[in-house]
Amino acid sequence: MSVRVRFAPSPTGYLHVGGLRTALYNYLFAKNQNGKFILRIEDTDRTRLVENSTQGLIEILNWAGIKYDEGPVVGGEYGPYVQSERLDIYNNHIKILINSGHAYYAFDTPEEIEQMRKMLQAKGLNPKYDRRTMKNQLTLSEDEVQRRVSSGEPYVVRLLVPDDHKIIFTDIIRGEVIVDSSEIDDQVLLKSDGYPTYHLANVVDDYSMKITHVIRGEEWLPSTPKHILLYQALGWELPKFAHLPLLLNKDRTKLSKRQGDVAVEDYRKKGYFKEAIVNFVALLGWNPSSDREIYDIQELIDSFKLEKVNKGGAVFDIEKLNWMNFQYLMKKDTKELAIQFKTILIDKGYPEFSNDYLEKVIKTHRERVTFLHQILDFCPYMFQKPEKFDKEYFEKYWKDYSLEILKELQIKYSKMDDFVHDNLHKVTLETASEKGLKLKDIIHPLRLVITGRSAGAGMFETMEILGKNECLTRIQHFIESYEKNKLVF
RNA sequence: GGCGCAUUCGUCUAGCGGUUAGGACGCCGGCCUCUCACGCCGGUAACACGGGUUCGAUUCCCGUAUGCGCUACCA
């Protein structure tokens, strides 16, 4: 039987990085096994729906390169893939469960249930639904039940959980898990608004969509026995289960807002590459037992093994993500980066630079930043003349002879035919020797004049990229300002 | 509270009875150097605890502790 897995988010907001990892592991497993990856939207909670979030979910998944084989928009033979469009299917199964005695109608109001729980808690008992004392199909007469249902009185349908029954299942990641059914509440399967709960919809859909492996977050581990009861009640074969460890904050609580960004979209906006996020998140809770850290998506697919997923939660460490982003910044093709960078510049209102120029700037500066967009902050002087000059740097390196040398260089540079690194180095070094100075005695003041700052790429590389005209203009401009005592710091 | 799951350097992890417990991020130091970086070299730092099993436990079993999850007409 060919592998079929699904990612089944609720459209209640943005995709969480934990959700991204769940989706990714499903995807990696499917592709590794030559199976199908399905996207299903679980929108049965009408109160938490967030408009357009399905669209956002799909968009961010596409951005990350996690393509689904079946799901909303693309369709597939087991659709529809949105639960609110499958209500008939759930209702049919509810009827089957009621008729077979595995589920029953219940008519209690929320207040009555609340009261029951309080009473049980007061007695120190488990606040489970007490099916023997509440208003339901088991305590009411058949006629009464019929009357209430057909009169349109609100009702829910609950799963009749057997007493004292050990539920044992094997989780691919965790091994054998045993839960006693007496711990399990008579779960609501159909809500009074006519929508199914997660438990029912999930089981029915997984079965009818022929899902072979249920790969989901650890928070679902405690409800897996409920699902198994449902499979058994419906006489269905169980899928295999794999419960993924949680993603954690720095303080080891479940990853949440407040302690940093959790939406994938936030990271995208900050300038993280999708390759970095996918690579990073993939290695949170799993790795191919190798010393390598950098993997492209195909390599992840090729080496992915569910059995090798860790059991313990993993802290989302932004420092390592940053390092990984840097790795991809260094690795990526500069042509592609230049195109991206161009849009960043345009957004910030800069004039258009040639791709060739941008590529050169990127090549010489990317090793100094974490994000592509930071190049602009790091070397704004590559895109506009320096307006201010670093005072500390000036005071440290500008000597009484510096102006004289600068004027000499101005003349020498202006006579150069080939304004390239090696020639600039040669000419500048000659000047230094003539004056009995070291190269760096000249380079620092020169850097100040050309860039206004103390930090930057190699001076001669920088000058070569800026070009002869631009450099001479900047030197001239500096001399004028300096002599008029109009330098701005 | 009950139930479940987990526990190797600060963090991500390798390890599947015998290892000087390895790698990566971070941090610290050095080298390189025109600055800032990159890079290179080196350092720091871990098997939660207590019992077993065994010739031998990080590894297997049982407790304890701690953490997390679930305990909804939310998923």
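Of the atoms of RNA strand B within 4 Å of the protein, sugar or phosphate accounts for 74%, and bases for the rest. The model is predicted: local features need pLDDT of at least 70, side-chain atom pairs count only at pLDDT 80 or more, and totals for chains, interfaces and linings use all residues. Residues are numbered from 1 along each chain as its sequence is written, chains are lettered from A and ligands numbered from 1 in the order in which they are written, and side-chain values use heavy atoms, with hydrogens and water left out.

RNA strand B is surrounded by 62 residues (near means a heavy atom within 4 Å). The closest are Gly 285, Asn 287, Glu 367, Arg 368 and Gly 456. This surface divides into 25 charged, 22 nonpolar and 15 polar residues (Asp, Glu, Lys and Arg are charged; Ala, Val, Leu, Ile, Met, Phe, Trp, Tyr, Cys and Pro are nonpolar; the others, Gly among them, are polar).

A side-chain N or O atom of Lys 308 lies 3.1 Å from a phosphate oxygen of RNA strand B. Backbone N or O of Ser 454 is 2.8 Å from a base oxygen. For a polar backbone atom of Ala 457, the distance to a base oxygen is 3.3 Å.

Elements supplying at least two residues each include helix 4 (110-122), strand 4 and helix 18 (439-451) (DSSP runs: helices H or I, at least four residues; strands E, at least two; numbered from the N terminus). Strand 4 (residues 156-159) pairs antiparallel with strand 7 over two bridges (pairing needs at least two DSSP bridges). Arg 158 has Val 188 of strand 7 as bridge partner. The open antiparallel sheet runs in the order 3-4-7. Its edges are strand 3 (103-106) and strand 7 (188-190).

Key: A polar contact is a pair of N or O atoms within 3.5 Å; within protein, one must be able to donate a hydrogen and the other to accept it, and residues adjacent in sequence count only if both atoms are side-chain atoms.
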